[in-house]
Amino acid sequence: MSRIAYVNGQYELMGAASVHIEDRGYQFADGVYEVCEIRGAKIVDFTKHMTRLQRSLRELRIAMPMALASLKIVVQEVVRRNRVRNGIVYLQVSRGVSRRDHAFPTHPVSPSVVVTARSINPQKGSDTAARGIKVITQPENRWPRVDIKSVSLLPNVLAKQAAKEQGAGEAWFVDRDGFVTEGSSTNAWIVTSDNRVITRSAETGILAGITRAVLIDVLAAMQLKLEERPFTPAEAAQAKEAFVTASSQIVMPVIAIDDKLIGDGKPGVMAKRLREEFHRFAEFV
Ligand code: PDD
């Protein structure tokens with residue numbers, strides 16, 4: 001089936017869809033994005049994703065391209081037209097089209113909006129989760145404003161490629177103080193021997209993941225202990241379990257860090273349980 005994209009007011013065949021060559025998203029990575037999980041043809045945690053989108057836009061002084069209710073209709077329509085039951089929807093908003101100049105356009109410019117969706121076989125994710133993934137570490141080399149979900153992802157791209165080339169599924173960035181910040185497209189977690197669940201506070205160094213936020217609700221409901229603090233790769237290597245979270249991966253067990261096995265080198269019990277429980281706490285629209 002041909003895929004359909006929404007581009008600036010039109011639903012178009014993906015192969016024919018295009019944006020202007022002077023779009024600031026293309027020239028300066030001057031834009032933001034969101035990725036939401038689609039499950040059972042419903043969008044997962046849409047409200048939280050839109051709240052974060054609006055925050056990212058505000059931080060970059062890009063206007064919201066349309067009313068939230070309209071954006072919801074567009075996203076749902078792209079999911080429907082592509083007949084996605086399980087997969088992801090991608091939404092990108094850039095500052096818009098203007099003659100190339102680093103400073104913001106001085107004349108009013110409409111933000112550009114692109115929405116795409118694609119199916120992902122849920123069995124693939126389950127199979128990967130049953131095996132677990134390895135992570136490697138990489139020096140943190142991103143700008144400090146990683147709280148903004150910007151499309152400027154070059155360090156993330158290079159880190160993920162390095163992971164792939166080393167047979168790993170994710171790269172964890174390590175800051176100058178020796179602490180893990182987050183993965184190239186995921187938040188990072190460990191579980192201690194006495195079952196405390198550790199993840200870095202969203203105050204610095206990470207994107208405030210939506211999966212992370214929902215998982216914190218899951219932990220509270222299950223009366224599990226959460227500690228929001230940084231941890232080192234050495235602590236992770238000694239941990240009972242580790243896992244990563246993202247809308248595209250839910251809870252994904254980590255079985256090794258830089259080739260050092262975590263626990264018995266198999267997906268942890270807690271990670272498996274949290275993966276199973278997650279959607280009971282998520283919003284579906
Ligand atoms: N990535 N940290 C980074 C750097 C991310 O890019 C992401 C998401 C996350 C997890 O956020 P959330 O739980 O809201 O998905 C953390 C998306 C999935 C991506 O770029 O494809």
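Predicted model: local features only at pLDDT ≥ 70, side-chain atom pairs only at ≥ 80, totals over all residues.
## Ligand site

The ligand is surrounded by 21 residues, and the closest are Y33, E182, I210, T211 and S247. By class, the shell consists of five nonpolar, 12 polar and four charged residues.

An N or O atom in the side chain of T211 is 2.6 Å from a ligand oxygen, and one in the side chain of S247 is 2.7 Å from a ligand oxygen. With I210 the backbone is involved: a backbone N or O atom lies 2.8 Å from an oxygen atom of the ligand. The ligand taken alone exposes 470 Å², of which the protein buries 90%. Two or more shell residues come from each of β3 (31–39), α2 (46–59), β9 (180–183), α6 (210–221) and β13 (241–246).

N187 is in strand β10, which covers residues 187–191. Is N187 buried or exposed? With a relative accessible area of 5%, N187 falls under the 20% limit and therefore counts as buried.

Beyond four places in sequence, N187 touches E182, I206, L207, G209, R212, F243, V244 and T245. One of these, E182, is also among the residues closest to the ligand. The side chains of N187 and E182 form a polar contact of 3.2 Å. A polar atom of the N187 side chain also lies 3.4 Å from the backbone nitrogen of G209. The C-alpha atoms of N187 and R200 are 8.5 Å apart in space, with 13 residues of separation in sequence.

## Open six-stranded sheet

An open sheet is built from six strands in the order β2-β1-β6-β5-β3-β4, with antiparallel pairing. Its edge strands, β2 (10–13) and β4 (42–43), each pair on one side only. Strand β3, which contributes to the ligand shell, stands between β5 and β4 in this order.

At one end of the sheet, β1 (residues 4–7) pairs with β2 through four bridges in the antiparallel sense. Within this pairing, I4 is opposite L13 of β2.

S112 belongs to strand β6, residues 112–119. Its relative accessibility is 6%, so S112 counts as buried. The side chain of S112 makes a polar contact of 2.6 Å with the side chain of D23. Apart from neighbours within four places in sequence, S112 is in contact with N8, D23, Q92, V93, S94, G96 and V97.

N82 sits in the loop between α3 (68–81) and β5 (87–94). Although in a loop, N82 is buried, with a relative accessible area of 5%. Which residues is N82 in contact with, leaving aside its neighbours within four places in sequence? They are M1, S2, R3, I4 and A117. I4 is the residue that stands opposite L13 in β2.

## Strand β14 and its partners

β14 (residues 250–257) is largely enclosed by the rest of the structure, because eight of its eight residues are buried. Strand β7 (residues 133–139) runs parallel to β14 and is joined to it by three bridges. I133 has V254 as its bridge partner in β14.

The pairing of β13 with β14 is antiparallel and has five bridges. V244 is bridged to M252 of β14, and V244 is also touched by N187. The hairpin of β14 and β15 has two residues between the strands, and D258 takes a positive phi near 50°.

## Ends of helix α4

At the start of α4 (residues 122–131), a side-chain oxygen of N121 comes within 2.9 Å of the backbone nitrogen of Q123. The helix is followed by G132, which has a positive phi near 85°.

Terms used
Residues numbered from 1 in each chain as written. Heavy atoms only, no water. Near = heavy atom within 4 Å. Polar contact = N/O pair within 3.5 Å; in protein donor to acceptor, adjacent residues only side chain to side chain. Areas by Shrake-Rupley, 256 points an atom, 1.4 Å probe, with all protein chains shown as cover. Nonpolar A, V, L, I, M, F, W, Y, C, P; charged D, E, K, R; others polar. Buried < 20%, exposed > 50% of the residue type's maximum accessible area, 1.4 Å probe, protein only. Contact = heavy atoms within 4.5 Å. Pairing = 2+ DSSP bridges.
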